[in-house]
Amino acid sequence: HKKKVLLFDKFNKNVNEVINSDYYKTQIAENKSIINKILSITKKKPKKILDYGCGYGVFMFAAQELGFVAKGYDINENFTKNLANYFETFNSEIDLINKNNFNKYDLIYCRKVLTLSSNIYKDFSNFNDLLSSDGHLVVMDQVKNFSKYKSIMSTNNQNNTLLLTTE
């Protein structure tokens, strides 16, 4: 039971304290590198970015530092309410999935979210509704055996989907 409490504490820290930490700044640099890798493969600068499962917003801050506008979605209101001081955020699926957002995003980034999802099929349905016809979906997640990430991007597919895989 104590282990479970510690896990949830990870998601309920003070957002303003987290985003000002040295560790967070390191994470922004890592995410800037990921964004640059995505751009080098897609050869396209996205106009509208969605961080699906934004957490503490590290990907959005990295995108912002590179001159992009990003919006964030997370089911944890601790993240979305506090990040609303910096970005447009959606704290419910109802807010996110509306006609104004359909086919809107050139890049949807989803990292370390799907293994926590209660309905992965719904998540992919959301991606389908939100992604523009020439947009890119980047999913970066762990497999069930919790192995470490591999830095591989696959571009050999017909639907413009990039996937950072693990093994």
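Predicted model: local features only at pLDDT ≥ 70, side-chain atom pairs only at ≥ 80, totals over all residues.
Trainee: What makes Y52 and F127 an aromatic pair, and why is the pair called edge-to-face?

Mentor: Their ring centres lie 4.7 Å apart, and rings pair if their centres lie within 6.5 Å, so the two count as an aromatic pair. The angle between the planes is 70°, and because planes over 60 degrees apart count as edge-to-face, that name applies here. By this rule the count of aromatic pairs in the model comes to eight.

Trainee: How do you know that the pair of Y52 and F127 links distant parts of the chain?

Mentor: Y52 belongs to strand β1, residues 49-52, whereas F127 belongs to helix α7, residues 120-130, and the two are 75 residues apart. Both Y52 and F127 are also buried.

Trainee: Why is the pair of Y56 and F79 called edge-to-face?

Mentor: The planes of Y56 and F79 make an angle of 70°, and since the name is given to planes over 60 degrees apart, this pair is edge-to-face. The centres of these two rings are 4.5 Å apart, which is within the 6.5 Å that pairing requires.

Trainee: What does the pair of Y56 and F79 tie together?

Mentor: Y56 lies in the loop between β1 and α4 (58-65), while F79 lies in helix α5, residues 77-83, so the pair ties together parts that are 23 residues apart in sequence.

Trainee: Why do Y56 and F79 count as buried?

Mentor: Buried means under 20% relative accessible area; Y56 has 15% relative accessibility and therefore counts as buried, and F79, at 3%, therefore counts as buried too.

Trainee: Which residues do ring pairs link into a cluster?

Mentor: Y24, F61, Y86 and F87 are linked into a cluster by ring pairs.

Trainee: Why is N126 called buried, and which residues is N126 in contact with?

Mentor: N126, which is found in helix α7, has 0% relative accessibility, and because the limit for buried is under 20%, N126 counts as buried. Leaving aside neighbours within four places in sequence, N126 is in contact with Y52, E93 and I97.

Trainee: How many helices and strands does the protein have, and what share of its residues is buried?

Mentor: The protein has seven helices and seven strands, and buried residues make up 41% of its 167 residues. Among contacts between residues at least 6 apart in sequence, 62% join residues at least 24 apart.

Technical notes:
Residues numbered from 1 in each chain as written. Heavy atoms only, no water. Phe/Tyr/Trp six-rings, centres within 6.5 Å; stacked < 30°, edge-to-face > 60°. Helix = DSSP H or I, 4+ residues; strand = E, 2+ residues; numbered from the N terminus. Buried < 20%, exposed > 50% of the residue type's maximum accessible area, 1.4 Å probe, protein only. Contact = heavy atoms within 4.5 Å.
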